[in-house]
Amino acid sequence: MREEAMVDTDELAADAREAFVFAYPLLLMDATRAQMTATATPTAIAAPVNQFANLPTLPDASFHTGVCPNPDTLYSSAWLDLTEQPVVLSVPDTDGRYYLMPLLDAWTNVFASPGARTTGTHSGDFAIVGPDWRGELPRNLRQIDAPTSMVWVIGRTQTDGRADYDAVHQVQAGFRLTPLGSWGRPSTPPPPPPGRPVPEASAAAPVDQVAGMDAETFFGRAARLLLDNPPRHADAAAMARMRHIGVAPGSFTWDSFGDRARSAIAGGMADGLAEVEAEGRRPRGTVRNNWALLYDLGQYGTDYPRRAAVAWLGLGANLPSDALYPVTRVDADGKPLNGAGGYLLRFDSGQTPPVHAFWSLSMYDDRQFLVDNPLDRFAIGDRDPLEFNADGSLDVLIQHRRPVSRVESNWLPAPAGDFNLILRMYWPRAAALDGTWVPPPVTRVD
């Protein structure tokens with residue numbers, strides 16, 4: 001045990017705080033992976049390691065499993081284990097239909113994003129290769145190097161309403177994962193990697209699981225995960241702090257610390273959790289026309305507080321080049337959006353959201369759930385039969401009451417109380433990415 005009198009507890013606490021913020025996304029990814037792979041056969045939301053879970057329907061107002069559910073795309077999610085060998089991701093020809101397959105490493109960075117934007121909509125086979133594998137791939141495979149052995153694939157396929165389900169299900173059926181050792185053989189579900197049995201599911205949400213860990217559990221698990229999910233060279237300073245509190249890849253020397261040191265580390269970890277949560281609640285992004293715009297998601301460099309906050313707020317963020325999600329909770333005058341009023345979102349002629357794929361405006365209540373309404377309409381966008389004004393402008397009517405004097409085709413129903421809006425822009429054009437174009441303000445009209 002280290003000599004207690006020689007321990008600088010303030011320094012230990014400070015290092016533990018920063019080490020917690022640094023490692024938080026890694027632990028949250030691991031807890032999420034364990035929960036989403038705790039099944040022997042694929043379901044709509046869970047699947048064994050190296051297999052897809054395909055969501056078959058879009059969420060509606062009864063969906064309360066997660067906040068801000070996406071009403072535009074059907075998800076195909078998979079957790080890869082690359083410790084033994086590469087895994088081949090096969091995608092079908094989608095006949096021009098937009099899809100994306102962002103690949104997140106264990107630290108939540110998007111390191112590749114096969115799909116319509118980057119690789120087109122023709123069929124293809126991608127070998128996703130872990131950091132420790134050495135070998136040669138068949139020539140007909142395109143190699144994607146993964147920085148970590150844990151990888152989360154969060155596929156999304158454009159879905160034009162319920163009538164489009166059958167076509168999308170055919171696309172989802174064409175998304176396949178094959179361990180390299182089985183490539184070229186008849187397709188069968190891959191077995192779990194050796195020594196990795198089906199995990200037990202926890203009833204608690206992953207974010208609550210991590211928040212409930214003590215220092216010995218958190219940093220001990222971080223040490224284990226670092227073996228197969230190495231940090232980058234740029235993380236050397238953060239790893240020095242990890243080592244100062246006893247954490248190295250594969251080992252955590254908790255038992256070498258005395259009571260004062262352990263208390264300091266535990267206190268520093270608690271401060272780190274408070275920092276992550278505070279950073280997650282803090283308004284983020286550039287605010288223009290009272291819309292919050294985030295141009296810096298998906299890759300975080302050494303900005304560990306931002307990386308941890310985004311993970312805490314909503315694990316699995318896309319690259320802005322794949323999707324932008326401006327958010328607003330207030331009108332043009334800065335007052336909260338509320339169903340007691342009526343609002344217009346007017347796009348001037350030629351100024352609808354600039355995208356290569358499609359856009360939609362989604363409605364959420366004050367709990368971030370979709371809003372029950374007589375049309376079962378939870379979003380409105382360029383795939384809907386919108387009516388434009390004579391001058392080419394477009395008015396989206398946002399209110400709780402059914403419209404009387406305006407066209408119902410342009411109505412996005414709101415709840416009776418407070419609400420917020422998310423403008424989803426898939427494959428945004430340069431004008432959206434560089435800030436030349438921003439959403440117009442939401443104007444109260446009654």
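Me: Which sense do strand S17 and S23 pair in, and over how many bridges?
Reply: In this predicted model, strand S17 (residues 342-347) runs antiparallel to S23, and three bridges join the two.

Me: What is the bridge partner of leucine 345 in S23?
Reply: Leucine 345 is bridged to valine 442 of S23.

Me: What sheet do these strands belong to?
Reply: They belong to an open sheet of four strands, ordered S21-S20-S17-S23, with mixed pairing.

Me: And which strands stand at the edges?
Reply: Strand S21 (411-413) and strand S23 (442-444) do; each has a single partner strand, so one side of each lacks a neighbour in the sheet. On average, neighbouring strands here are turned by 30 degrees against each other, direction ignored.

Me: Changing topic: how many aromatic pairs does the structure hold?
Reply: There are 16 aromatic pairs. One of them joins phenylalanine 22 and tryptophan 107: the ring centres are 4.9 Å apart and the planes stand at 35 degrees, so this pair is tilted.

Me: Where in the chain are those two residues?
Reply: Phenylalanine 22 is in helix H1 (residues 9-36), whereas tryptophan 107 is in the loop between strand S5 (103-104) and strand S6 (110-112). The pair thus links distant parts of the chain, 85 residues apart.

Me: Are they buried or exposed?
Reply: Phenylalanine 22 and tryptophan 107 are both buried.

Me: What about phenylalanine 52 and phenylalanine 175?
Reply: Their ring centres lie 6.1 Å apart with the planes at 45 degrees, so that pair is tilted.

Me: Which residues do ring pairs link into a cluster?
Reply: The cluster consists of Phe20, Tyr24, Phe218, Phe219, Phe252 and Trp254.

Me: Which residue lies over the face of tyrosine 325?
Reply: Arginine 424 does, at 5.2 Å from the ring centre.

Me: On to helix H5. Which residues are buried there?
Reply: In H5 (residues 236-244), Ala238, Met239 and Met242 are buried. Viewed down the axis of H5, the buried residues fall within an arc of 95 degrees, so they line one face of the helix.

Me: What do they pack against?
Reply: The buried residues of H5 pack against H1, helix H4 (215-228), strand S11 (247-248) and helix H7 (304-314).

Me: And which glycine follows H5?
Reply: Glycine 246 follows H5, and its phi is positive, near 95 degrees.

How values were computed:
Residues are numbered from 1 along each chain as its sequence is written. This is a predicted model: local features need pLDDT of at least 70, side-chain atom pairs count only at pLDDT 80 or more; totals for chains, interfaces and linings use all residues. Side-chain values use heavy atoms; hydrogens and water are left out. Rings of Phe, Tyr and Trp (its six-membered ring) pair if their centres lie within 6.5 Å; planes under 30 degrees apart count as stacked, over 60 as edge-to-face and the rest as tilted. Buried means under 20% relative accessible area, exposed over 50%, partly exposed in between (1.4 Å probe, protein chains only). A charge sits over a ring if NZ of Lys or CZ of Arg is within 6 Å of the ring centre and within 35 degrees of the ring normal. The arc is that of the directions from the helix axis to the C-beta atoms. Contact means heavy atoms within 4.5 Å. Two strands pair if DSSP finds at least two bridges between them. Axes are lines fitted to C-alpha atoms, for helices over the stretch in contact, and angles run from 0 to 180 degrees between N-to-C directions.
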